[in-house]
Amino acid sequence: MRDEPDTDLALMKFGIGQPVPRSEDPKLLRGEGRYTDDVNLAGQAYAVMVRSRYAHAVIRGIDLDAAKAMPGVLGIYTNADLEAAGFGPLKCPVNFPNRDGSPMKTPVRPSLAKDKVRFVGEAVAVVVAETAVQAKDAAEAVMLDVEELPAVTDPASALAPDAPQIHPDAPGNLVLDYHYGDADAVAAAFARAAHVTRLDIVSNRVVVNAMEPRSAIGSYDAASGRWTLHVGCQGVFGMRATLAKDVLNVPPDKVHVLTGNVGGSFGMKAPAYPEYPCLLFAARALGRPVKWTDERGESFVSDHHGRDHQRVAELALDAEGNFLAVRLTGTGNAGAFIYPPMPATTNAVKNIVDVYRTPVIEVISKIAFTNTTPIAAYRGAGRPEGNYYMERLIDTAAAEIGIDRVDLRRHNHIPPQAMPYKAPSGMLYDSGEFTNVLDKALAAADWNGFDQRRADSRNRGKLRGRGIGSYLEVTAPPSKEMGGIRFEADGTVTMISGTLDYGQGHATPFAQVLVEKLGVPFDRLRLLQGDSDELKAGGGTGGSRSMMVAGQAFVEASGQVVERGKQIAAHLLEAAVADIEFDRGRFAIAGTDRGIGIMALARKLHAGVELPPDVPSSLDVGHVSDNPPSAFPNGCHVAEVEIDPDTGAIDVVRYVMVNDFGTVINPMLVDGQAHGGVVQGIGQALMERTVYSEQGQPLAGSYMDYALPRAAHAPDFTIQSHPVPAKTSILGIKGCGEAGCAGALPSVMNAVVDALAEHGIRHLDMPATPERVWRALNGT
C-alpha cells in the first residue's frame, strides 16, 4: 500500500477552480494574527511624530528644550540630525516626460520638513521616549516658530499665475504637462462628428482608511552594520531597495525588511514613508529598537490620499452612433510631494477605451502641487476613473441623441473576432466577449422588469434609477517575480513569493496551484512572503498582479521541481530519466507500477540519500519568473438605486455583476474581492469626500466628519462569472482585485443620474451625497 495522499480527492477539494476557504482565517478570527503593532522587541522605545498644523509655512525655528526635559524622553530629532547622519530624502521612482520632452518636476521629500512645511500633517520632528504616552506628551511640548504662507488646495488654483509657490524647483506648481495621442487626428475626428458629448467630471479625493493604521519598528545591529524594519507594506523586496538606495545609501543586504499580517492597504502602504527613516535613525542613535504606531487622526493627514482628478471628458460620434474619438483634458492633484502620477496619466490612457472600438484618443493632464496630503495609488489607481469617464459619456450621449444606452454600447463593442485588438492606447487586447457579458448582466438584473420596480418605488414616493457600468482594466505592471518552493524537514512545503498579502488571501490560491501542478497536499503548504532575506526578486502586490505573476512563477517553479524529481527518482528507482513520468504527485517508471510520491521522495532526501554528484540533492527551487504581459479583466455591473426626494438619501437596492476574470483559481476569494471593491466604489460614489479650507486645513479629519460605507449600505450582490481565459498567462488568469471599483463607480452614478433624469438633471459629480442630491432637485 502506498504511503501517499489521495491526489484525486485533493484535486477535487483543493485544486484550481475550487472554492477553498482562506487558510489563514481561523487564526485571524481567533485574534492570533501578528500585525506590526503586535511586534515588540526587547528594550524598545517609542516614537511620536511632531506634525505641522500649518498647510504652508516657513520654519523659523523649532524649540525642543522644554520637550527634551520632560520625563522619559530619550531623544528628539529634526531634519538637521538626519542630514548630518547622511540619511537621504525620499524620491519619486519614476519620471515621465512633459509634452515638450523635458522631464517632470520631482522635488525630493525630506523625512522631516526642511525650511518649510507644505501640508497639514507633514512631519517636522520625531520624539522618542520610554513609553508612547511620554513621547506624545513631549511631542505636544515641541514649539514651532513659523511664518505662515498662503495655501492652495486645488490644482486649477495652484496652476494660476498668482498662486503660492510650493516648491522652488517646480515653477508655477506644475509637476507634469502630460500628453498622449495624435492631437491632429483627434481634432479631425471631432470636427467631422455628427454629435459631441462633453462632460465636466470629477473623481473626488478619498482618504484610504485601511483597517490597520500604519506601524513600524526600526532596529540597528552595530556589529553587522545592518538595519531591520518591521513594517506593514505591499512588498518587502521593493521596500528594502528604496530604503537602501535612497535613504541609507548602503547595499541592499544591509537592510532587512519584515512584514507580518497587514490589515488592508489598497495601494497606500506600498511606498516608503517619512516615519521609517526616522525610526532607523533613532534606533542607531539610541542603540535600541524604536517603535511607532499611527493613530487614526494622524492617518487622515499622513497617509497618502487617493483620486482627486478634474476632467473635461469628450466623446465624438458619427451619424450612425459609431465612436470616432474620446478626449480627456484636465488636472490631477499631486498633493505637496509627487509620487508616481500614473492614475491621471498613463492609466487614464490605458483604461479610457474600456470595451469599445474607439479609433483615436487623446489624454491631456496637468499634474499640480498643492498644499495637501500627497496623492498616490488607491484601489485601481486610475483604472476605475478611466472606465467611469467613458461610461458616463456613453449614457449622456445616448440621452442627448435619443439612442437606447444598451444599443449604443452593443453597437460599439469590440467583437470577439477582432481579437487580438490593438487599442489606441497601445494595449493589445487578447480576449474578451463584451456583448455576451453585457447581455448576461442585463438578464441577471431583470432589465426588462425595471418599469414595474420603478412604478413600485414611485408609489412609495421614491425615485428609482438603473445604471450600467461596463469596464475593462489593464492589469499587472511588469516586474520579475519569485516563485520559490522548499520542501521542509517537518513535511511541510514552503511557497516563497515576492508578492505580499494585505488581506487578499494569497496562501490559499497559491497552494491550489501547487496542489494542481505537484500533487502536494493542501494542508502541508505554507506561504512565506514578508521576509526580504528570503527573496531573490519581488514586485510586491498591486495592479491586480499577484495571482498572474505569482501563479506563473509557481507553475514554472513546479516544472523545475518535477525535472529535479525525475532525476532523483530515476536514481532511486534504478531507471533512465527519460523513462520517469510525473502525474498527480507521483514519479513512476513508464508502463509500470513502480514509483514514489513527491512527498515520500522529499522525506527520503531529508533522511539522507547518497546521490551521484550530477543528480540534484533536493527538490527545492528558487525560481525568478519574467512578468507575463498585461491582462484585461472586464465585466458589466448593473445597479439600481432609490432616492428619497425629500432628503436626497440614496439606497443601492439591487446590484448585479458579471465578470470575466479569465481562469478563476478560487471563486470564493474572487467573489469576496469583487464585493469589497464594489463597496469601496459605492463609498466614493455616494459618500466619501476630503474637504480642505482655503487655509489648507482638512475639514473631515475623523469618522465624525468623513463618511465610509457600512454593511447597511451594501446591497445583496448577484455575481456571475463569464470566464474567457487570457492568452497572455500560463494559467489564463486576468486579475480581479480592483475590478469591483471599476464597475461600481459608473453603474451607481449612471443609476443616480437615471433616477434624477425626470427632473432634468443630466449629470451629478461624485459623491452624490444627500445634500448634493437635494440641492440638485431643488435648484439650489
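Student: What volume does the second largest pocket have?
Tutor: This is a predicted model. The pocket's lining includes residues from strand S1 (45-51), helix H5 (132-141), strand S6 (143-148) and helix H10 (296-302), each giving at least two. The volume of the second largest pocket is about 570 Å³.

Student: Which residues that line the second largest pocket are the closest to its centre?
Tutor: The lining has 22 residues. They divide into 4 polar, 6 charged and 12 nonpolar. Closest to the centre are Met-49, Val-50, Arg-51, Ser-52 and Arg-53.

Student: The structure holds 15 aromatic pairs. What kind of pair do Phe-87 and Phe-281 make?
Tutor: Both Phe-87 and Phe-281 are buried. Their ring centres lie 5.6 Å apart, with the planes at 85 degrees. Planes over 60 degrees apart count as edge-to-face. So the pair Phe-87 and Phe-281 is edge-to-face.

Student: How many residues apart in sequence are the parts that Phe-87 and Phe-281 tie together?
Tutor: Phe-87 lies in the loop between helix H4 (79-84) and strand S4 (116-117). Phe-281 lies in helix H9 (residues 275-286), so the pair ties together parts whose separation in sequence is 194 residues.

Student: Which ring does the charged end of Arg-466 sit over?
Tutor: A charge counts as over a ring only with CZ of Arg within 6 Å of the ring centre and within 35 degrees of the ring normal. For Arg-466 the distance to the centre is 3.8 Å. The ring is that of Trp-447.

Note on methods
Residues are numbered from 1 along each chain as its sequence is written. This is a predicted model: local features need pLDDT of at least 70, side-chain atom pairs count only at pLDDT 80 or more; totals for chains, interfaces and linings use all residues. Side-chain values use heavy atoms; hydrogens and water are left out. On a 1 Å grid over the protein atoms alone, a cavity is a set of points where a 1.4 Å probe fits but cannot get out, and a pocket is an open set with protein on both sides within 12 Å along at least five of seven lines; lining residues have an atom within 4 Å of a point. Grid points are joined across faces, edges and corners, and a volume is the space filled by probe spheres set on the points. Helices (H or I, at least four residues) and strands (E, at least two) are DSSP runs, numbered from the N terminus. Ala, Val, Leu, Ile, Met, Phe, Trp, Tyr, Cys and Pro count as nonpolar, Asp, Glu, Lys and Arg as charged, and the others, Gly among them, as polar. Rings of Phe, Tyr and Trp (its six-membered ring) pair if their centres lie within 6.5 Å; planes under 30 degrees apart count as stacked, over 60 as edge-to-face and the rest as tilted. Buried means under 20% relative accessible area, exposed over 50%, partly exposed in between (1.4 Å probe, protein chains only).
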